[in-house]
Amino acid sequence: MDKTPDTPLHQAFIRVIHAAGVQHNLSAHQIDQITASAWDRLTQTMGCRTAYIPAPSQHKRDEAIADAWHAGQPFAAIARDFPLSESRIRQIINHRRHRHQP
């Protein structure tokens with residue numbers, strides 16, 4: 001069997017299955033078996049060995065950032081909500097403001 005890739009999605013998948021298994025008092029061995037089986041079924045259904053979830057649209061993200069700024073949220077709060085630096089938030093807002101000027 002091919003080695004399962006160590007991707008952020010796979011790691012998140014493992015954490016979710018592990019948490020559910022612990023909650024149901026399953027042994028570590030049972031959790032490992034369920035995780036491997038579920039991952040295999042997921043990737044077989046998708047027709048691949050890895051699963052990829054595309055990043056959200058930057059356009060939609062930038063719109064949400066601008067909406068938050070227009071709603072009066074400070075740069076620091078917006079930066080925390082979108083894991084970006086305050087300077088990047090300012091750049092995005094300035095870019096959108098200049099783009100929408102007549």
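Leaving aside neighbours within four places in sequence, which residues is Ile89 in contact with? They are Ile65, Phe75, Ile78, Ala79 and Leu84, where contact means heavy atoms within 4.5 Å.

This is a predicted model, in which local features need pLDDT of at least 70, side-chain atom pairs count only at pLDDT 80 or more, and totals for chains, interfaces and linings use all residues. Residues are numbered from 1 along each chain as its sequence is written, and side-chain values use heavy atoms, with hydrogens and water left out.

The predictor's confidence in each residue is its pLDDT, from 0 to 100. The protein chain has a mean pLDDT of 85, with 86% of its residues at 70 or more. Among its elements, the lowest mean pLDDT, 87, belongs to helix 1 (residues 8-23), and the highest, 94, to helix 4. Helices here are DSSP runs (H or I, at least four residues), numbered from the N terminus.

Ile89 belongs to the largest nonpolar core, whose 7 residues also include Ile65, Ala68, Ile78, Ala79, Ile92 and Ile93. Such a core is a set of buried Ala, Val, Leu, Ile, Met, Phe, Trp, Tyr and Cys residues joined through side-chain atoms within 4.5 Å; buried means under 20% relative accessible area (1.4 Å probe, protein chains only). At least two residues of this core come from each of helix 3 (58-70), helix 4 (75-81) and helix 5. Helix 5 gives the most, 3 residues.

Helix 5 (residues 86-99) also holds Arg96. Arg96 is buried, because its relative accessible area is 13%. Beyond neighbours within four places in sequence, Arg96 is in contact with His59, Asp62, Glu63 and Ala66. Ala66 lies 30 residues from Arg96 in sequence, but their C-alpha atoms are 7.8 Å apart in space.

Note on methods:
Buried < 20%, exposed > 50% of the residue type's maximum accessible area, 1.4 Å probe, protein only.
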